[in-house]
Amino acid sequence: MSHTNVTAGTLPPGDLSGFRELQQLAHEAVETVAEGLEPGVTEREAARRIREHLTERGVQDWFHTPFAWFGDRTAFRRFRTPLQFFPTDRRLEEDMPFILDCAPVRDGFVADIGYSGYLGDNPLHDQLMDDLYAHRQLILDQVRAGDTLQDVYRGVDGLLREQGYDNRHQVYPGRVIAHQVGKVRSRLPRAIVAGFGIRSLQTLFGDLVVERLHNRSPLWADGEISAHPATPGMWAVEPHLGFRDMGVKFEEILVVTEDDAFWLDDDLPHVRRWERRAPTAAGTTQETR
Amino acid sequence: MTTTPLYVTATDGQRLAVYTEGRTDAPTLLLVHGYPDNATVWDALAEELSDTYRIVRYDVRGAGRSTAPEQRSGYLVDQLGEDLITVADAVSPDRPVHVVGHDWGSIQSWHAVTEPAYAERLASFTAVSGPNLDHAGHWLQKAPDGVRNVLRQFVRSSYIGFFSTPGVPEAAWLSGIGGLVLSGLERIGGGPHERARRSTRDHLNGLELYRANMLHRFTRPVERRTSVPVQALAPTHDAFMIDQVQSDAGRWVEDFRFHRFQGGHWSVRSRPGPVAARIRAFVDEIESGAPRPRRALTAQQARRHGGAFAGQLAVVTGAGSGIGRAVSFELAERGTRVIAVDIDEDAASRTAHLCGHLTPGSDFRKADVGDSETMEKLAAWVRSEHGVPDLVVNNAGIGVAGPFLETGEKDWDRVVRVNLWGVINGCRAFAPMLVEAGGGGRIVNTASAAAFIPSRVFGPYATTKAAVLMLSRTLRGELADRGVSVTAVCPGLINTGIIDNAHLSGMGKESAAKKRINRLYRLRGYTPEKAAVRIVNAVENDPEIVPVTAEAHLGLALSRFAPKALSRGARVSPPL
């Protein structure tokens, strides 16, 4: 089972490049779909386009099927049941924010990524996106410093409060800001149950059991079970800021080794965006710290 | 008013008496009177404004010196809107006019303003005591401000039913009984009573306004929107209208502002000062050509709120975090410009910055509310930079807990200074300004559920908050007849981080107790955002006390009906 891989520490470089390629492909998929979104398109249609784009490029299975959230659904307001995460017939309007999220599996490699954008013009969205930069930095710094996941979670909480936002990743099942991913090796048939691939779920549940024995969890939240430093392996990290009717997130893989941590790939749309807007992003960070 | 009118012929042949005065080169204000008035209702206001503007007023068909149609259909609101444009075209063919309407004059102007074809003829519209009938129809049917408010409005609208009965209102006017009742109604809201110059004709013809329009518009309202900037001015003691039926127009207007002023339905006649000041500010802003505020709202946000706080100015202390910050955002979402005040300048600036995304024109200021001189300076600065606020939220406060026997003088001093003196200073700095500006403003003080729930755990804190509650209630009594409302907010357990910053006497800065209390607040899970929605919704109705959470409601009820139970509870030492 995959947890041996995940918990055993340093990953073979060959494996990493497989994960990196798939993460690139997933980002390329959501970026392409995002660029093509037009007013009137529904969440279901957007999710279908992502799925199509990826299956055409060799994706065979899903950790979870693609999600698309439009308008105030990006902030998960009034989400009471997990069913509300699934794409609806909400239509995209001019200036509306959206989030695309997908987790493809190809040849056993997994990616789980999120992409925030908007149609037309939305300065508030730019503001939230700028402010998200500090969180990517903070998570990396605190994990490198060996802080417990619980403390990192609370660090993110403190920062987003200070920025004037509220925590929307707490709406995800288990309040998670991140979860472990690893290579999927399973003999189960490829099938999707409630939006999640059963092979990936098998991997995750395997991890849940093994980690629980070590009094740890492959799910990263603010509970006592997360009061331990990050377990070596790969974590799909997804801080999600909310302000009024808008939510903004990124999701990508953080690699944790025995003595270090790094983002699997820095050549991603949101990172390139921050680099382009470096003066603004840096300025906002200053102001909010 | 010039006594000899110019006559303008309406599209259906009626002749309207038009009177012009004031500066000929200045922007034109077109004043439209209501029922049962004629153009003389504007005498006092015209006097105030004629040195700056060209003032044009006319007798609405059937009133004053204008002719009266024979048929009821001659009073349909479509025709009245057409009349307004006919007059505007006659007196100011090249330049759009600024319309001011009162009562039925406001109703018919609303109708013209929400007619897309007329938009380019109208530069702005100031509505005094008169809603758009279709907007009101929607408001009555959908009750966005609650059924209670609809019922309140029904009581105030009962005369409409009376006016719609055939013959009886005519008899009332002709017998003099109607005149006596009207004279009584005119006295509501206080102020000097000026005798109106009306003729019997004004009383009788205008009844057709009600009979021709009301039923149809209220039962089958249509959607009427406008791009013309509108400000609605509502007197605090209007005998015929509550705020909400006027402010709800915010849903239908791109650029809407709503302000209140102290007075009754006809105070525009006897005491025109506050209305004149608002008209000046509004007209000058539009004429300056400055970019009008554009609000970045989703369609959903725009649909969610009426306009009770639209275009207003609010000062919020303690706006850098917690409830203060959440209330600032909530107000900004509803169209209020927020002046965020906090002792932490960066936090205040951050709040104002985000507020500015929702409603442009927000600002911030660093201030220690415990210092009276600072607060005086703050008030002077707000007035000179942004004008007199419509709303002042004295929210800044700190937490101090611990047994009395272990609370030192320093702790007492600090908590009294911020929690009590902060509110006193805020009220002292701003209340006179609100009164002087003509009333209509609101003061909201953040007290606490601890104000009425005694406990050995938070003596000093509860003491200051009880004082804030009583200060609010007494000030409310004092300012009631000056048109300024005072509300005390009693939140309860809101997860704001107040505990992180609290000083627990005899427990040190980091303690297990703090961790446990924090956990309790987290588990209670009542967010400042949720509290802010409740607070702002409640403030719209000017209540005396706003208990926010269930425990605050329960505590308030127990303090009234079972005070003994609370006294016993005060002895309980929670396992912290």
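So, let's start in chain B, where B:Leu31 sits across from B:Val100 of β5(B). Before I go on, keep in mind that this is a predicted model. The two strands here are β3(B) and β5(B), the latter covering residues 97–102, and they run parallel, paired over four bridges.

β3(B) has a partner in β4(B) as well, residues 54–58; that pairing is also parallel, with five bridges. If you want a residue to look at there, B:Leu29 has B:Ile55 of β4(B) as its bridge partner.

How covered is β3(B), residues 28–32? Mostly: five of its five residues are buried. In a regular strand, side chains alternate between the two sheet faces. Here B:Thr28, B:Leu30 and B:Val32 point one way, B:Leu29 and B:Leu31 point the other, and all of them are buried.

For contrast, go to helix α6 of chain B, residues 158–164, and pick out B:Tyr159. Is B:Tyr159 buried or partly exposed? It counts as partly exposed, because there are 15 C-beta neighbours inside 10 Å, and being buried would take 20 or more. As for B:Trp104, 55 residues in sequence lie between it and B:Tyr159 as a separation, and their C-alpha atoms are 14 Å apart.

Zooming out, chain B splits into domain 1, residues 6–287, and domain 2, residues 312–569. Their centres, taken over C-alpha atoms, are 39 Å apart. Where they meet, ten residues of domain 1 of chain B contact ten residues of domain 2 of chain B. On the domain 1 side, β8 (256–264) and α13 (273–287) of chain B each bring at least two residues, and β8(B) gives the most, with five. By class, that domain 1 side is made of three nonpolar, six polar and one charged residues.

Now the largest nonpolar core, which has 219 residues. Which members touch the most others? Those are A:Val30, A:Phe98, A:Leu100, A:Trp235 and B:Ala340. Both domains of chain B give residues to this core, so it lies between them. Take A:Leu100: leaving out residues up to four places away in sequence, its contacts are A:Val30, A:Val33, A:Ala34, A:Ala46, A:Ile50, A:Ala68 and A:Tyr115.

Last stop, a sheet in chain A. Three strands make an open, antiparallel sheet in the order β5-β11-β12. β5 (166–167) and β12 (246–249) of chain A are the edges, each with a single partner strand, so one side of each has no neighbour in the sheet.

β5(A) pairs with β11(A), residues 240–243, over two antiparallel bridges, and A:Asn167 is the residue opposite A:Leu241.

Key: Residues numbered from 1 in each chain as written. Chains lettered and ligands numbered in written order. Predicted model: local features only at pLDDT ≥ 70, side-chain atom pairs only at ≥ 80, totals over all residues. Pairing = 2+ DSSP bridges. Buried ≥ 20, exposed ≤ 12 C-beta atoms within 10 Å, placed from the backbone. Core = buried A, V, L, I, M, F, W, Y, C linked by C-beta atoms within 7 Å. Domains from an automatic or database assignment. Contact = placed C-beta atoms within 7 Å. Nonpolar A, V, L, I, M, F, W, Y, C, P; charged D, E, K, R; others polar.
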